[in-house]
Amino acid sequence: MNVNLQVRLKGEGEKLLLILPTETETATATSWSDLWQQLKQRLNGGDRFWQPSTTVHLIATDRLLDAQQLQAIADALSEVQLQLTRVFTSRRQTAVAAATAGYSVEQTSVTKINQTLNATPVPLAEPLYLQMTVRSGMEIRHAGSVIVLGDLNPGGTVVANGDILVWGRLRGVAHAGAAGNSKCLIMALQMEPTQLRIAEFVARAPTNVPSQFYPEVAYVMSEGIRIAKAADFSKSQFSLPS
């Protein structure tokens with residue numbers, strides 16, 4: 001029996017990995033009904049090797065899961081005292097559904113999820129659009145740009161290989177250009193970050209809170225991260241480090 005075609009549970013440190021079979025590895029795609037039956041068998045059959053309240057990372061790979069299916073998985077885990085906290089996926093629809101449901105998300109390629117090495121540069125993924133508030137404790141990771149139509153609250157984190165745009169208040173941690181691209185930008189209608197990062201450059205929130213806020217853009221110059229009013233910002237006004 002090919003283990004890649006089965007739902008698997010694997011212990012990793014203090015957490016548990018719930019690994020779904022990929023659609024690309026199967027000649028005939030495994031249906032949701034089949035996945036659900038396999039999951040129930042894994043959770044309820046045999047010895048339970050986990051401790052109560054163990055956190056679970058769902059390795060969804062390229063499976064397309066909607067909000068109802070994610071909730072069903074979370075409920076099944078909860079019944080055996082497991083807590084779903086993070087979802088790894090290569091599908092934008094699954095990433096959006098998971099983030100909207102309140103889980104931390106990392107959207108990346110199946111290759112990276114499977115931890116295979118590829119030395120060649122990987123092009124940016126399509127932008128990830130989230131119409132939601134990124135709450136405290138949530139972490140969103142994406143291999144392209146991230147656009148949040150809402151707030152990024154203190155304690156929330158967005159990490160993107162591309163740009164980050166927060167159409168609201170940016171009060172958490174934003175890390176753009178996470179793969180090392182210092183030309184990436186961070187933009188927000190109201191910039192009150194806990195921390196900003198662009199590539200390897202880091203900037204913290206100013207000590208004095210401004211009396212008035214404007215849409216602003218954070219970018220890298222030779223001396224580090226600078227923030228300018230969006231109305232005044234122009235790429236022609238500065239040169240990025242090579």
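Strands, in the numbering used here, are DSSP runs of at least two residues, counted from the N terminus. In this predicted model, Leu-149 is placed in the loop that runs between strand 8 (144–148) and strand 9 (157–160). With a relative accessible area of 41%, Leu-149 is partly exposed, and together with Trp-167 and Leu-189 it forms a nonpolar patch on the surface, the accessible area of the three residues together being about 300 Å².

When residues up to four places away in sequence are not counted, Ile-140 touches Ala-99, Tyr-103, Val-105, Leu-128, Leu-130, Val-134, Thr-157, Val-158 and Val-159.

His-142 is located in strand 7 (residues 139–142), and it counts as buried because its relative accessibility, at 3%, falls under the 20% cut-off. A polar atom of the His-142 side chain lies 2.6 Å from the backbone oxygen of Glu-126. Glu-126 is also one of the residues that His-142 touches, again not counting residues up to four places away in sequence, and the others are Gln-107, Ala-125, Pro-127, Leu-128, Val-159, Ala-160 and Asn-161.

Note on methods: Residues numbered from 1 in each chain as written. Predicted model: local features only at pLDDT ≥ 70, side-chain atom pairs only at ≥ 80, totals over all residues. Heavy atoms only, no water. Helix = DSSP H or I, 4+ residues; strand = E, 2+ residues; numbered from the N terminus. Buried < 20%, exposed > 50% of the residue type's maximum accessible area, 1.4 Å probe, protein only. Polar contact = N/O pair within 3.5 Å; in protein donor to acceptor, adjacent residues only side chain to side chain. Contact = heavy atoms within 4.5 Å. Patch = residues over 30% accessible without salt bridge, like charges linked within 9 Å, V, L, I, M, F, W, Y side chains within 5 Å. Areas by Shrake-Rupley, 256 points an atom, 1.4 Å probe, with all protein chains shown as cover. Salt bridge = Lys/Arg side-chain N within 4 Å of Asp/Glu carboxyl O.
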